[in-house]
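Read each task, look for the solution in the structure, then compare.

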Amino acid sequence: QVKLVESGGGSAQAGGSLRLSCVASGFRFQSACMAWFRVVPGKQREGVAHISDAGDRAAYSDSVRGRFVISRDNAEKTMYLQMNNLKPEDTAMYLCAARRGCSFSGDSFTNVALYDNWGSGTQVTVSS
């Protein structure tokens, strides 16, 4: 059974940092490219960061580039999102997503239809 479990969300002040984790199980993690999305009620799911299966390539949305860093540990089957210089507009539910049998999606990573599995999310709230 495929599972993606996010953690690390919480409350932070503007300018602060949080680190999210996504632990995967039930599939060959090292053969999947992964992504972080975020969702706010009433808005479409937004792709914010993407990482290749080997962890050697990454892509970011314009809204987070230079502030967020995506990484992964294939031995631990875990993906991370280091979120720095947080802004109130970063407030959202953050979800991890897996695209199995994928090396790297590049700029198309924001297409939600590409992903096979999703976690249930972890809430991030940033106050000004």
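**Exercise 1.** Find the distance at which the side chains of Asp90 and Arg38 meet.

Solution. Step one: the side chains of Asp90 and Arg38 form a salt bridge, 2.9 Å from N to O. A salt bridge here is a side-chain nitrogen of Lys or Arg within 4 Å of a carboxyl oxygen of Asp or Glu.
Step two: Asp90 sits in the loop between strand S8 (78-83) and strand S9 (92-100), and Arg38 in strand S4 (residues 32-39), so the pair ties together parts 52 residues apart in sequence. Strands (E, at least two residues) are DSSP runs, numbered from the N terminus.

The model is predicted: local features need pLDDT of at least 70, side-chain atom pairs count only at pLDDT 80 or more, and totals for chains, interfaces and linings use all residues. Residues are numbered from 1 along each chain as its sequence is written, and side-chain values use heavy atoms, with hydrogens and water left out.

**Exercise 2.** Are Arg67 and Asp90 buried or exposed?

Solution. Step one: Arg67 and Asp90 are both buried. Buried means under 20% relative accessible area, exposed over 50%, and partly exposed in between (1.4 Å probe, protein chains only).
Step two: their side chains meet in a salt bridge of 2.7 Å, N to O.

**Exercise 3.** Which residues do salt bridges with shared partners join into one network?

Solution. Step one: the network consists of Arg38, Glu46, Arg67 and Asp90.
Step two: within it, Glu46 and Arg38 form a salt bridge of 2.8 Å, N to O.
Step three: Glu46 is partly exposed, at 29% relative accessibility, while Arg38 is buried, at 6%.

Key. Helices (H or I, at least four residues) and strands (E, at least two) are DSSP runs, numbered from the N terminus.
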